[in-house]
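Work through the exercises below with the sequence and the 3D view open. Try each task before reading its solution.

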Amino acid sequence: VLRRIDFWLAMIALVGVLVIPTLQALGLAVVASLGVLVWRASEGRLTFLGRASGGLDPVDLRSEPGAAVPGLLIARPDEMLFFANAASVRDGVLAAAAAAEPRPTVVLLDLSLTPEVDVPVLEVLEDLHWHLADDGIELWLCNLRPDARDLLERAGMLAAVGETRIHARAIDAILAYALRIPGARERVAVLTDLLAYIRERAAQPGTSAEGVETLNALERRLAAE
């Protein structure tokens, strides 16, 4: 049996057809399937992300455990948040933050799979924000869809979190977090000037093909940094 729950759903449908009228048996199978769907959705599964090697793109920590960003916990719910799974997502995030080493200073919640939020989700997000704040951890949000953002804004949630902690994409949040590291902005400024110089040299007439190739390789390496 590849999936035990699918086996039992099939058995419910089969036994139902044998014991009760076909239409009622189909109704029973549909109700059972919907119940399993709600049960699965209420589990609140989370994917934890890190920073891809050589770049800023988020990557699943299950495939690249070494991609974790020290001090930054990135959590993405695997399903849309709604009343049935919001509390378990909150508990999962809090448990991960408590178990993380080193202890995170920022928790980034990716809401890309949540096109809109209801009042129970809003209350859970507020609760998550204040629980983290009590532990000295900032809650950041990213990938807010328009309808979800509108409700959170009208409820005052975005003001409580802070506009500077709301990011369009996970990659923007990762960059913003990286720039908080002491000396990071100065380093970025130096690298930007160096990149401009390399591009200018590569575009100059008379630069050999080998020289252009070397400069391009260096440019890619600096851009990754």
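## Strands, crossovers and a cavity

S3, H3 and S4 form a β-α-β unit that is right-handed (with the strands pointing away from the viewer, the path from the first strand over the helix to the second runs clockwise). Helices (H or I, at least four residues) and strands (E, at least two) are DSSP runs, numbered from the N terminus. The model is predicted: local features need pLDDT of at least 70, side-chain atom pairs count only at pLDDT 80 or more, and totals for chains, interfaces and linings use all residues. Residues are numbered from 1 along each chain as its sequence is written, and side-chain values use heavy atoms, with hydrogens and water left out.

**Exercise 1.** Find the strands that pair with S4, and state the sense of each pairing.

*Solution.* Start with strand S3 (residues 72-77). Four bridges link S3 to S4, and the two run parallel. Two strands pair if DSSP finds at least two bridges between them. Ala75 has Leu109 of S4 as its bridge partner. Now take the other neighbour. S4 (residues 106-110) pairs with S5 in the parallel sense, over five bridges. Here Leu109 is partnered by Leu141 of S5, and Asp110 stands opposite Cys142.

**Exercise 2.** Decide whether each face of S4 and of S5 is buried or exposed.

*Solution.* Apply the cut-offs: buried is under 20% relative accessible area, exposed over 50%, partly exposed in between (1.4 Å probe, protein chains only). On one side of S4 lie Val106, Leu108 and Asp110, on the other Val107 and Leu109, and all are buried. Five of the five S4 residues are buried, so S4 is largely enclosed by the rest of the structure. Next, S5 (residues 138-142). Glu138, Trp140 and Cys142 point one way, Leu139 and Leu141 the other, and all are buried. With five of five residues buried, S5 is therefore also largely enclosed by the rest of the structure.

**Exercise 3.** Which residues line the largest cavity, and which elements give two or more of them?

*Solution.* List the lining: Leu81, Ala86, Val89, Arg90, Val93, Leu109, Val121, Val124, Leu125 and Leu128. Then assign elements: helix H3 (86-99) and H4 each give two or more residues.

How values were computed: On a 1 Å grid over the protein atoms alone, a cavity is a set of points where a 1.4 Å probe fits but cannot get out, and a pocket is an open set with protein on both sides within 12 Å along at least five of seven lines; lining residues have an atom within 4 Å of a point.
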